[in-house]
Amino acid sequence: MDTGTAAGRVTKVGYVEFTTPDVDRLVEYYERCLGLHVEDRSPDLAYLTTGLEHHSVVIRRGDAAARSSVGFEVAGSLDDAGKRFADAGYEVSRRSDVAPSTPDVLVLAEPGTDVPLHLYESQPTSSDEGPAPAHRPTKLGHVAAFTPSLDRIQGFYQDLLGFRWSDTIGDFFVFLRCNADHHAANFLQSTKYTGMHHVAYEMRNLDHLQTALDHLARHDYRLHWGPGRHGPGHNVFTYHRDPDGNTIELFTQLDQMLDEDAGHFDPRPWHTDRPQVPKTWEVDVATANSWGPVLPEILDH
């Protein structure tokens, strides 16, 4: 589709929110184990950042839930986006109380999941001026979730939010991009599960990933899958679980589409297809992990 016709063209995934009965425990994990900076904090709410913008993770007191809201930065004015969403039949609200860094936000419910999506124009920079801890991720990379209808949510993200299709596994797992990164959002169609599938944070390179994994091990966090290399996106991945049991991916070497007009991902030595273009992948071990075994739960839906 022509992304210029999108109601609110997303340019990056800005933040993801978690609710938890133990705010202190989850903040400690993100601060000590992943090296994020606490930007703002109260007993029931915390904003943490990978270092560039005010926040990339929100932790709020409540029942344990992952991906309780997602923030997206959009190009263009919120006035125009709000009108376009309303014209398309979506109920939107304009709020000034979402976060201290985003005093003007459009809020609408994600179709099929009702997860609040927060659309904003920008965030101020973080107050963290010191050198980043060696194990800190460079950014929030992508958020994956279950959905009852893949066609509906893919259509919404592409037609209304301006995402582009990157890859599909079988007929149930889609990868969508909003910038050069292979994916910023991915969805699994499921009648069995709801909620977040995993959240992923980017590392600069393999050495940076190794440093983070060694740091996690010193704090008794063990991997339950990886290191390996996915087929779609070709990123080197590792998976572990945070104190609430949420699946956390640390990754590097994600495919990039630097030229949308060319329509293929930047050539890499590990690509089998040349050029590597968006496609539908077979449901097999090599798609999930070209280096080794598949984790059955990762494709369970």
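Student: Which backbone oxygen lies 2.5 Å from a polar atom of the side chain of Thr 49?

Tutor: The backbone oxygen of Glu 53 does. A polar contact is a pair of N or O atoms within 3.5 Å; within protein, one must be able to donate a hydrogen and the other to accept it, and residues adjacent in sequence count only if both atoms are side-chain atoms. Before we go on, a word on the source: this is a predicted model, where local features need pLDDT of at least 70 and side-chain atom pairs count only at pLDDT 80 or more, while totals for chains, interfaces and linings use all residues. Residues are numbered from 1 along each chain as its sequence is written, and side-chain values use heavy atoms, with hydrogens and water left out.

Student: Why is Thr 49 called buried?

Tutor: Buried means under 20% relative accessible area, exposed over 50%, and partly exposed in between (1.4 Å probe, protein chains only). Thr 49 has a relative accessible area of 1%, so the word buried applies. Leu 48, with 0%, is therefore buried as well.

Student: Which residues does Leu 48 touch, not counting residues up to four places away in sequence?

Tutor: Contact means heavy atoms within 4.5 Å. Among the residues that Leu 48 touches are Val 27, Tyr 30, Leu 36, Val 38 and Ile 59. For Thr 49, leaving aside neighbours within four places in sequence, the contacts include His 37, Ser 126 and Arg 136.

Student: What makes E2 and E3 a pair?

Tutor: Two strands pair if DSSP finds at least two bridges between them. E2 and E3 are joined by 5 bridges and run antiparallel, so they meet that rule. In this pairing, His 37 stands opposite Thr 49 in E3.

Student: What is the order of the open sheet of 8 strands?

Tutor: The order is E2-E3-E4-E1-E5-E8-E7-E6, with mixed pairing. Strand E2 (37-42) and strand E6 (93-95) are the edge strands, each pairing on one side only. On average, neighbouring strands here are turned by 25° against each other, direction ignored. Helix H1 lies across strand E1 (10-20), E2, E3 and strand E4 (57-61), at about 160° to E4. Axes are lines fitted to C-alpha atoms, for helices over the stretch in contact, and angles run from 0 to 180 degrees between N-to-C directions.

Student: How many strands form the open sheet that contains E14 and E17?

Tutor: That sheet has 9 strands in the order E14-E15-E16-E13-E9-E12-E11-E10-E17, and the pairing is mixed. Strand E14 (225-229) and strand E17 (279-281) each have a single partner strand, so one side of each is left without a neighbour in the sheet. The twist averages 20° from one strand to the next. Helix H4 packs on this sheet, touching E15 and E16, and its direction makes about 150° with that of E16.

Student: What is the pairing sense on each side of E16?

Tutor: With strand E13 (residues 196-202) E16 pairs in the parallel sense over 4 bridges, and with E15 in the antiparallel sense over 6 bridges. Ile 248 in E16 is the bridge partner of Val 199, whereas Glu 249 is that of Tyr 239. As for cover, 6 of the 6 residues of E16 are buried.

Student: How do you know that the span of H4 agrees with what a helix should give?

Tutor: The expected span is 1.5 Å times one less than the number of residues. For the 13 residues of H4 (residues 206-218) that should be 18 Å, and the end C-alpha atoms are 18 Å apart, so the two agree.

Student: Which residues of H4 are buried?

Tutor: His 208, Leu 209, Ala 212, Leu 213, His 215 and Leu 216 are. Cover for the buried residues of H4 includes H1 (23-33), E15 (236-241) and E16 (247-252).

Methods:
Helix = DSSP H or I, 4+ residues; strand = E, 2+ residues; numbered from the N terminus.
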